[in-house]
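Let's go through some of the labels used for this protein. Each answer sets a value against its cut-off.

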Amino acid sequence: MNIFKLLTTVGFFTLLSRFTGFIRTVCLSAFLGASVASDALVMAIRIANFLRKVLAEGAFNACFVPIFSKVLNIEGKDNARELASKIYSLLLMITIFISVIVVFFYPIVLKLFAPGFNGDRMSLGVLYGRICFPFIISTTTVAVFSGILNTLGKFGIPAFFQVFVNLGSIFAMILAYYYDLDQGIVVSIGFLVTGVLQVAIIKSYATKNNFVVDFRFNFLSPKITLIFKNMIPGIISSGIWQINLLIDSRFASTLTSGGVSYIFYADQILQLPLATLGIAIGSALVPVFSRSINLKKFKQLRIDFNKSLAFSFGMAFPATVGLVVLSFPIVAFIIGRGKVTLEDVKIVSDLLSVFAFALPAYVLNKILIAACFSDSDTKTPLYSTTLNMIVNVTLLFFFVPKFSYIGIALSNTVAAYVSVLYLYIKKPLKFKILKLFKGILLKQIIVSGILAGILMLTSDYIFDGFYDYGFLYKLLILGVVILIAIGIYCALGVVFGFFNQSKIRMEFKK
């Protein structure tokens, strides 16, 4: 399997889904700004996504894919279909049960996650949350079929499906605006409906690839037990990570109205490169690494591991430079309209510039976790995530009183580097860093530093008065600057030798 082609394909489809997420953020900021309603809606969506990310993603795919792949290749398609049907049925029953409980006790759940909510923020948060939360039921199907398709070598479609949720939210906001409806209620309903749409599409796609999964009441078996046993550390790790994010929201909710939205807007912008470079690539690498380990092709494993690092850092470093140096024009372009004020833009841009410093750490974290999961090591990611939360929460108590919103970003950034350092030290011995990659990494850092210097020297002049420009003028100026920056980085990459892909491929084959 061509690792560069795989990473490019997954990255492209994820980038496309994140672009629609960008449009969604633009609409949300324009229609709701940083307000009581936006805080309530953001929190409702975050709580709905909490269990989805804990149960249906990450740990599940990492534990399901290796076992499913082994059954498919050794025991045949019928047994693989039976395994998939059983795991789908069990996850479906679990999420339906949890949804009923959470919806009934939602005021308690919301108060737990956002103690600063009261009055209108509390009442709207409960209303929106009860509509959004059943969304997790649809994610069980999406998670199972995504694992199946990834095992079959179909990586693009699962990465592309988030686009439907984004498009549903965009359509709902536009519909509510033109018909003067309650934005929060309509968007919440749209969020739920698009989850159902995801299920219909992914099941249809799997059927076209001759793989049908159905519901079965007899969903227990030794293999199901093994999957869930392997998932326990991963679920705890994912749960800790999501709790970590909700702790950030908890601290933000105690600040002035709009605090939750500020963190949300900065995080959504950061998610564009992070999801493309880290999350999607990390999940795509699990079946690739697992196959090499199972076949004992350790030389190929090291080559693919180092290629993934070179590819990801080659994108992460310039993205970090752009988000840090150009944070204000980027934020002003994305959310600087409607009910969003200049002060709102300044706060979000400051948050983004600090959050962005952690982008290389986040990307490395995803690749190293994929390495651990592919080697059946679920404990090291758990310890790393636990360390991240401990460092983050400890620093929040010191930084937030002194730096307000920026304290949240600082705490997250420091914790990211501490935890990924631990993960790197404890990674499986099979995953070795090659000398060639170390040279490429040094060149990428030098070139990124040169690019940062150029942008810092010119950005103040280029973006003077940028906030007051019209949308199309902002798009033109920011687009031209980004294209020139990409051109400079690529040109320097050629000069320094790390963009000569044919040479790199030949060197990695040695």
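Q: What makes the largest nonpolar core a core, and which residues have the most contacts inside it?
A: A nonpolar core is a set of buried Ala, Val, Leu, Ile, Met, Phe, Trp, Tyr and Cys residues joined through side-chain atoms within 4.5 Å. The largest has 119 residues, and Met 43, Leu 110 and Leu 351 have the most contacts inside it. Helix α12 (residues 259–294) gives the largest share, 13 residues. A second, separate core holds 31 residues, including Ile 67 and Phe 228. The model is predicted: local features need pLDDT of at least 70, side-chain atom pairs count only at pLDDT 80 or more, and totals for chains, interfaces and linings use all residues. Residues are numbered from 1 along each chain as its sequence is written, and side-chain values use heavy atoms, without hydrogens or water.

Q: Why is Asp 180 called exposed?
A: Exposed means over 50% relative accessible area, buried under 20%, partly exposed in between (1.4 Å probe, protein chains only). Asp 180 has 71%, so Asp 180 is exposed. Asp 180 lies in the loop between α9 (162–178) and α10 (183–208).

Q: Why does Ser 404 count as partly exposed?
A: Ser 404 has 29% relative accessibility, so Ser 404 counts as partly exposed. Ser 404 sits in the loop between α17 (379–403) and α18.

Q: What is the phi of Ser 404?
A: Phi of Ser 404 is near 55°, a positive value in a residue other than glycine. Most residues other than glycine have a negative phi.

Technical notes. Helices (H or I, at least four residues) and strands (E, at least two) are DSSP runs, numbered from the N terminus.
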